[in-house]
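Good morning, colleagues. I should like to take you through one structure, with the criteria stated as we proceed.

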Amino acid sequence: MGFIVGFIGVTVCVIVGFVGPGGNLEVLFQPFEYVVIGGSAIFTVFTANPGYVVKGLIPAFMTAMKGSGITKATYNDLLGLMASIFDTMRREGVLGIEGDLCNPHESARFNRYPRASHDHHLMETLTGALRLFVDGVVNAFDLERLLDTEIETHHEEALIYPSVVLKVADALPALGIVAAVLGIIITMGHLDGPPQEIGAHVAAALVGTMLGILLSYGYVAPVGTKMDHIVREQTTILKTVKAGLVSFAGGAPPQVALEFARKTIPSDMRPTSEELEEIIKDAKKAAQ
């Protein structure tokens, strides 16, 4: 919602600021300026990036529009799921969760916490680490290094898309100048015309400069920043998984391991200690 409100707000403010003092809205409609700036920006993306990055830009943009979907409820579900897993492993050993890991999508335990279990990469990280417990080849030190490597790799890959968008934003003012210069060149060929015609050509040229700056700072750069925030949100929840699993692998009781996980959660989404106790109690009841 904030994405759409922001775009509409920027557009309305610019139009009102132009029309209010007496500007003619038709002057802003310069299709060839749009072609020079927009077309050049799009094709620079094709020039500068490999195919998989270009293909991934649209899904990344759609995610930016919708948001990461990570809320306090997502973290509560994750803590509840880890509480259920840790309690089962403490009582039954690692084989108690083997059936859940074979097919997480059909696991009653995982489906009890849909906000967390429907996050593909989150579950991939969690189940991948838990399989090491089942295989008996994990210790806290190695698990921490493994998860650090996975999280860092995911973070670096995900940052590619906001980086591309922000570079396009940086280029747009310069492309606006290109469009303006082209407009001035055209104007120079009409210096023998009436003042009204010369003024129209100059106005068209200036629209190019305005458009490049507006697109950069009013639309494209905010999208890149939003994409960057989403990447950080996705990385943070993976760090929550790491904190809980590493602590549990190091021998901490389930409640202590979950407290380590809780401390990594951003303050605006972090459940209180009392809420964590309720999450743990509900997980135990559901497991019985």
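First, the basis. This is a predicted model, in which local features need pLDDT of at least 70 and side-chain atom pairs count only at pLDDT 80 or more, while totals for chains, interfaces and linings use all residues. Residues are numbered from 1 along each chain as its sequence is written, and side-chain values use heavy atoms, with hydrogens and water left out.

Let us begin with helix α8, residues 120–135. Helices here are DSSP runs of H or I with at least four residues, numbered from the N terminus. At the start of α8, a side-chain oxygen of Asp119 comes to within 3.4 Å of the backbone nitrogen of His121. After the helix comes Gly136, with a positive phi near 75°.

Which elements do the buried residues of α8 pack against? They pack against α4, α5, α6, α7, α9 and α11. Buried means under 20% relative accessible area, exposed over 50%, and partly exposed in between, with a 1.4 Å probe and protein chains only.

Thr127, in α8, is one example: Thr127 is buried because its relative accessible area is 5%. A polar atom of the Thr127 side chain lies 2.6 Å from the backbone oxygen of Met123. Leaving aside residues up to four places away in sequence, Thr127 touches Leu101, Pro104 and Phe110, where contact means heavy atoms within 4.5 Å.

I turn to the salt bridges, of which the whole structure has 10. The criterion is a side-chain nitrogen of Lys or Arg within 4 Å of a carboxyl oxygen of Asp or Glu. In helix α12, Arg262 and Glu259 are 3 residues apart, about one turn, and their side chains meet in a salt bridge at 2.8 Å, N to O. Arg262 is buried at 7% relative accessible area, whereas Glu259 is partly exposed at 23%. Elsewhere, salt bridges with shared partners join Asp87, Arg90, Arg91 and Glu92 into one network.

Finally, the surface. Ile177, in helix α10, is partly exposed, with a relative accessible area of 49%. Ile177 forms a nonpolar surface patch with Val178, Val181, Leu182 and Ile185.

Conventions. Patch = residues over 30% accessible without salt bridge, like charges linked within 9 Å, V, L, I, M, F, W, Y side chains within 5 Å. Areas by Shrake-Rupley, 256 points an atom, 1.4 Å probe, with all protein chains shown as cover. Helix = DSSP H or I, 4+ residues; strand = E, 2+ residues; numbered from the N terminus. Expected span 1.5 Å × (residues − 1). Polar contact = N/O pair within 3.5 Å; in protein donor to acceptor, adjacent residues only side chain to side chain.
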